[in-house]
Amino acid sequence: MGRNPLDSANKTAVILGAASTVARSIAMEFARGGYALVLADCDHEETARIAADVALRFDVACHAVPFDATAYCTHRPFLEECRRILGVEPQGVVLCFGYMPEQREAQEDFAKAQRAIDTNLTGAISVLELFASAFEARRGGFIVGLSSVAGDRGRKANYIYGAAKAGLTCFLSGLRNRLHTAGVHVLTVKPGFMDTKMTYGMPLPGPLVASPGQAARAIVRALRKGKDEVYVRFFWRYIMLIIRNIPEWQFKKMNI
Amino acid sequence: MVEPFVAKSLTGWGRIAPRVCHVYRPEKPRLIENILRDLSQPHFIARGLGRSYGDTAVNEGGGVIDFARLNRMMRFDPATGVLECEAGVTLAEIIETFLPRGFFLPVTPGTKFVTVGGAIANDVHGKNHHRDGTFGQFVLDFGLYTPEGHLLLCSPEDNPDLFWATVGGIGLTGVILTARIRLQPVRSAYIVADYHKSRDLDDALATFEASDARYQYSVAWVDCLARGAMLGRCILMRGNHADPAQLPGSLAAKPFDVRPRRDKRVPVDCPAFLLNPLNVRVFNNLFYGMHRSVEGQIIDYDRYFYPLDQIHDWNRLYGRRGFVQYQATLPTESAKGLVALLERLSTERRGSFLGVLKRFGDAGPGLLSHPMKGYTLTLDIPNRTGLVPFLRELDRILLDHGGRLYLAKDAVAAPETVAVMYPDLDRFREIKGRVDPENRLSSSMARRLGIVGV
Ligand SMILES: Cc1cc2nc3c(=O)[nH]c(=O)nc-3n(C[C@H](O)[C@H](O)[C@H](O)COP(=O)(O)OP(=O)(O)OC[C@H]3O[C@@H](n4cnc5c(N)ncnc54)[C@H](O)[C@@H]3O)c2cc1C
Ligand SMILES: NC(=O)c1ccc[n+]([C@@H]2O[C@H](COP(=O)([O-])OP(=O)(O)OC[C@H]3O[C@@H](n4cnc5c(N)ncnc54)[C@H](OP(=O)(O)O)[C@@H]3O)[C@@H](O)[C@H]2O)c1
């Protein structure tokens, strides 16, 4: 816990993976607070629609910029483009992109496993390092990364995606440690289940599922409070505490 | 690509007759094409917020395309009031966004929790029908996905046949993706309302005729249980958008500020005995007794247009078996049919909170649009034993007087009844047959009413 990273006169942010269901809700939360936004996603047509909607509803500047997390060499010019459009160094960045292959398919088809790592982990490292250095040099800003409870412990149902998210969680934790003295805030978000296009059609336990709006509000609230890590919804902290503490000899026999 | 779906039991707002449907919830418009091409579903129907009372947005054993996440607003021109948005945008969202900027819906039903797509597909009407017509009359154009996978722009000029078949066409001619609608400029978020207590039905009808021209909005609450000399006693509620100059000082300075209300929720299904005729009668007496004839009341748009929206899930008040809403419209010349309907209702004592009575203006060009010049009576009827035969009796009265039912409300009517009530049905079928020869769009209602063959 610390001071409010949103307490700055520079009200600008970049949202990566902006066509994600939660990203749209997060963008709305920021726009409600008067932020000028860059929304970036590989599905540009969709992002443009979301940006127009956010701009119209909240009467803020909201721009769509094409962005592919796995086109690593484009990330530097992308950051330049964000600066140009916003007219300032963005105050913060929220990473929402993610790719979750079907576990069985990822086991059998390495291309899918690779895409999971390339997107969730490598893509995140590539783009966030650039923002991190810029924010570090400026001595301020915030970075939010959407990881997952799947990264808290590897389970047979989802360990390839989980491995990528575990890597992301570890990366964000290191980044936080490094940027702390520069006054740059890093928030790791660990959603459990959210009702998004990623999970639609899967049999999810209703009461445990967060709506995108609920998730977005929880994330922005955690950011405002200067938290380092937040589970969405909050009770996943306790569920994961239990799951992490099951001894490995026991865990390996379980079906969860 | 095969899109994911969830098998779910769906009903209309009246909650009778749950049916298992395969619900798709696309978040990108182009996915609708994949969905419509998925031949593993026998047919599809689009669904908005499910505020229709019966089975228009239910599709037993087939696909349902839920528009909850296709709700982006793309463009707004403050010079003309024209908004372009996706069909899943709700009227509540439009008000929230544009009322503070001085624009209101051109037509609104009694709930703001409906989508633009649903408002077009039922060609909904509001308290201003006598003056302004239906929602469809404020639609400049829409993008329609035909079941054969063509995206067609339809307007009164381009593809006019398809346009007027789709306006009021209960989702059977295509999936509306986006629409351009014209909002009306207003100068405040308030209504100046005049209330008039009428002694009986004749008094109410005479008052409507005499004063409707002076009010943009007019509607009456009818005590459906009053009998004899008091049969059809009403409280007429008529109003116009308020000018800031009409508002008291504190409001005049901020004419678009409305004190938010505390919404309530009905947490469980109520036991049916709460709605027994005695309780309803006591309630109606209280209601009628409470209101006096007063003029110039200042009331905010939310309380004026959407009194029921304050209580979320109020449909649960009718218990697990649900209810139907019966909306009957009679042409002006046979308004006396209202007496027959009200007499039948008050003797049968099937209860209903209040009924709503409204004078309609001229019919519009929508082939299956409901409103026609005359009077419309709407009331809720709980689902108890003997419901269907009772409704058939009401239908009979309606047919005898040249009246018609509203498909947005209907759950049980017989096909032959509806065929008589909607003389343009054959023309509608012909247009549907052209754009959807395989009947890929169908619904539980369409099959029940024989609009689409099974
Ligand atoms: C409290 C209350 C008060 C009401 N008052 C009024 C009133 O005053 N006047 C009035 O006219 N109605 C009134 N209604 C009825 C309501 O306005 C209509 O039923 C409306 O159509 C519901 O919209 P929806 O978004 O919930 O659509 P749904 O009920 O989900 O669907 C309605 C129809 O629209 C079709 N549809 C939905 N989206 C699309 C799309 N994208 N493309 C093609 N077809 C589509 C569906 O297939 C279905 O046939 C009221 C309802 C309630 C609950
Ligand atoms: N939903 C859950 O239950 C859940 C649980 C835990 C964690 N999360 C995480 O939360 C985040 C948000 O996910 P969501 O639930 O909102 O799912 P989502 O809607 O599927 O969002 C993921 C987004 O990332 C985009 N994306 C994928 N690869 C990309 C790339 N190479 N470059 C740029 N964008 C790319 C996707 O674009 P396309 O639209 O083109 O596919 C999609 O819009 C993800 O990181 C996810 O892993 C979700």
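## Ground rules

Residues are numbered from 1 along each chain as its sequence is written, and chains are lettered from A and ligands numbered from 1 in the order in which they are written. In this predicted model local features need pLDDT of at least 70, side-chain atom pairs count only at pLDDT 80 or more, totals for chains, interfaces and linings use all residues, and side-chain values use heavy atoms, with hydrogens and water left out.

## The site of ligand 2

Ligand 2 is surrounded by 29 residues (a residue is near a molecule or strand if one of its heavy atoms lies within 4 Å of it). The closest are A:Ser20, A:Ala69, A:Tyr161, A:Thr196 and B:Lys28. These surrounding residues come from chains A and B, so the two chains share the site. By class, the shell has 13 nonpolar, 10 polar and 6 charged residues. Here Ala, Val, Leu, Ile, Met, Phe, Trp, Tyr, Cys and Pro count as nonpolar, Asp, Glu, Lys and Arg as charged, and the others, Gly among them, as polar.

Which elements of chain A each supply at least two residues of this shell? They are helix H1 (21-32), helix H6 (159-179) and strand S7 (193-194). Helices (H or I, at least four residues) and strands (E, at least two) are DSSP runs, numbered from the N terminus.

A polar side-chain atom of A:Ser20 lies 2.8 Å from one oxygen atom. A polar backbone atom of A:Thr21 is 3.0 Å from an oxygen atom of the ligand. For A:Ala19, a polar backbone atom is 3.5 Å from an oxygen atom. Taken alone, ligand 2 exposes 880 Å², and the protein buries 90% of that (accessible areas come from the Shrake-Rupley method with a 1.4 Å probe).

## The site of ligand 1

Ligand 1 has 34 residues around it. B:Ala46, B:Arg51, B:Ser52, B:Thr115 and B:Tyr406 come nearest. The shell holds 18 nonpolar, 13 polar and 3 charged residues. Strand S3 (44-47), helix H3 (116-121) and strand S10 (175-182) of chain B each supply at least two of its residues.

A polar backbone atom of B:Gly48 is 2.8 Å from an oxygen atom of ligand 1. B:Gly118 places a backbone N or O atom 2.9 Å from an oxygen atom of the ligand. Taken alone, ligand 1 exposes 970 Å², of which the protein buries 96%.

## A sheet in chain A

Chain A has an open sheet of 7 strands in the order S3-S2-S1-S4-S5-S6-S9, with parallel pairing (two strands pair if DSSP finds at least two bridges between them). Strand S3 (62-66) and strand S9 (229-232) stand at the edges, each with a single partner strand, so one side of each is left without a neighbour in the sheet.

Inside the sheet, 4 bridges join strand S1 (residues 12-16) to strand S4 (residues 92-95) of chain A. A:Ile15 has A:Val94 as its bridge partner in S4(A).

## Two backbone details

A cis peptide bond joins A:Val232 and A:Arg233, with omega of about -5°. A:Arg233 sits in the loop between S9 and helix H8 (236-245) of chain A.

What is the phi of B:Ala17, positive or negative? For B:Ala17, phi is positive, about 55°, although this residue is not a glycine. B:Ala17 lies in the loop between strand S1 (6-10) and strand S2 (19-24) of chain B.

Technical notes:
Polar contact = N/O pair within 3.5 Å; in protein donor to acceptor, adjacent residues only side chain to side chain.
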